[in-house]
Amino acid sequence: MRTVAVTRIGSLRDPDESTRGRIGVVDFPEQPLGPEDVRIRVAYSAICGSDPHLAEGFFGTDVPIGLGHELSGVVEALGERAHRNGLKIGDRVAGNFLRFCGTCRPCQEGRQQFCEHIQDYNRPGMAETVTWHESQVYRLPDGVSLLHGSILEPTSVAVRIADKARARVGDRVAICGGGPIGQLTLQVMKMNGATSLTMIEPIAERREMALRHGADFAIDPVTEDQGSLAAEITDGRGYDIVIDASGSPRAAQGLLDIAAKGATVVYGAMYPASYELSLNLSDYLYLKELTLTGVFVSPYAFPRALQILPYLQLDELTQAVYDLDDAVEAFAVHISGRFPKVVLRCNDIDEEVR
Ligand SMILES: [Zn+2]
Ligand SMILES: [Zn+2]
């Protein structure tokens with residue numbers, strides 16, 4: 001079965017071809033169909049900002065490392081007991097690449113993100129098929145295409161970020177980073193009643209996209225004075241919620257200074273393993289009482305992500321589509337930053353969207 005994988009560890013941005021990380025289409029065996037499993041013929045699988053980190057060996061260095069966790073498709077086969085959620089062959093679905101076992105201590109304590117068996121069903125989805133446990137699979141709402149359905153997983157991350165931000169209607173909100181997670185989080189925070197909603201992003205096209213999708217303001221942190229603009233927008237008080245979706249060490253520090261007293265700052269991205277934020281405890285935790293938090297994965301968020309999918313504007317996030325066999329080119333386009341998101345078409349599936 002053709003599967004997109006990291007075939008050599010290294011930075012995909014390395015100018016030296018001999019040490020650059022490499023992506024390839026390799027042959028992986030199809031996973032067995034257990035009694036509670038669902039086999040999905042994959043329609044679309046989107047490239048994630050975390051995929052280049054995998055190429056750098058963040059989660060292990062044994063190649064090939066199969067990729068793909070943002071996918072949609074059609075149910076092709078069901079295990080004999082996979083009937084608890086009413087899934088049927090032919091259903092259009094998307095889902096969670098992680099299975100929360102429900103049995104281990106963290107799962108039983110309501111903290112599925114720390115499930116001790118979280119990797120058991122984490123299988124590469126940039127492939128012709130993927131086989132998941134039925135608890136990972138969600139039927140797409142009518143009217144949501146398979147292409148838009150591939151955005152369910154990043155939407156779940158935006159929902160989780162909103163959960164961690166503990167937003168109240170009327171809160172002033174800034175989001176740093178206009179990639180897919182930042183753009184989705186912007187739309188989700190808008191639904192949550194965000195005001196003075198500000199996108200901080202150096203790329204002009206991404207700032208403009210945010211303004212089209214509900215941002216009230218946009219700041220270019222490279223050519224503009226982020227601190228004074230943020231003060232102007234918030235009457236000198238700062239933002240009640242500051243969200244980083246950039247993962248950029250250059251951006252991380254300044255976000256503490258645009259946060260209001262009592263604000264919540266969500267570092268909602270992946271960061272270089274060696275990066276350390278310098279944190280003046282007297283300024284930020286004593287005098288300002290900031291709450292700092294982050295997001296690892298998105299438990300309890302998928303049903304709600306599914307609910308909001310029909311309300312989101314997803315056309316601009318799904319405009320760059322490449323065939324599975326062109327995965328190498330698709331990753332090059334992803335790295336170039338030309339499109340906010342790049343999607344692979346893993347099978348050509350006809351669908352009727354009502
Ligand atoms: Zn992702
Ligand atoms: Zn568990």
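Predicted model: local features only at pLDDT ≥ 70, side-chain atom pairs only at ≥ 80, totals over all residues.
Colleague: Which kinds of residues make up the side of domain 1 that touches domain 2?

Modeller: Contact here is counted when C-beta atoms, placed from the backbone, lie within 7 Å. Eight residues of domain 1 meet eight of domain 2 in this way. On the domain 1 side they divide into two nonpolar, two charged and four polar.

Colleague: Nice. Which strands stand at the edges of the six-strand open sheet?

Modeller: Let's follow the order, which runs E11-E10-E9-E12-E13-E14 with parallel pairing. Two strands have a single partner each, so one side of each is left without a neighbour in the sheet. Those edge strands are E11 (217-219) and E14 (291-294).

Colleague: And which residue of E14 is the bridge partner of Thr-264?

Modeller: Strand E13 spans residues 259-267 and pairs with E14 in the parallel sense, over four bridges. In E14, the bridge partner of Thr-264 is Thr-291.

Colleague: One last thing: what percentages of helix and strand are found in residues 34-142?

Modeller: An unreviewed UniProt entry lists this span as "domain: Alcohol dehydrogenase-like N-terminal". Its end C-alpha atoms lie 28 Å apart. The span is 8% helix and 29% strand.

Terms used:
Residues numbered from 1 in each chain as written. Chains lettered and ligands numbered in written order. Contact = placed C-beta atoms within 7 Å. Nonpolar A, V, L, I, M, F, W, Y, C, P; charged D, E, K, R; others polar. UniProt positions renumbered as here; feature names shortened; annotations may be inferred. Pairing = 2+ DSSP bridges.
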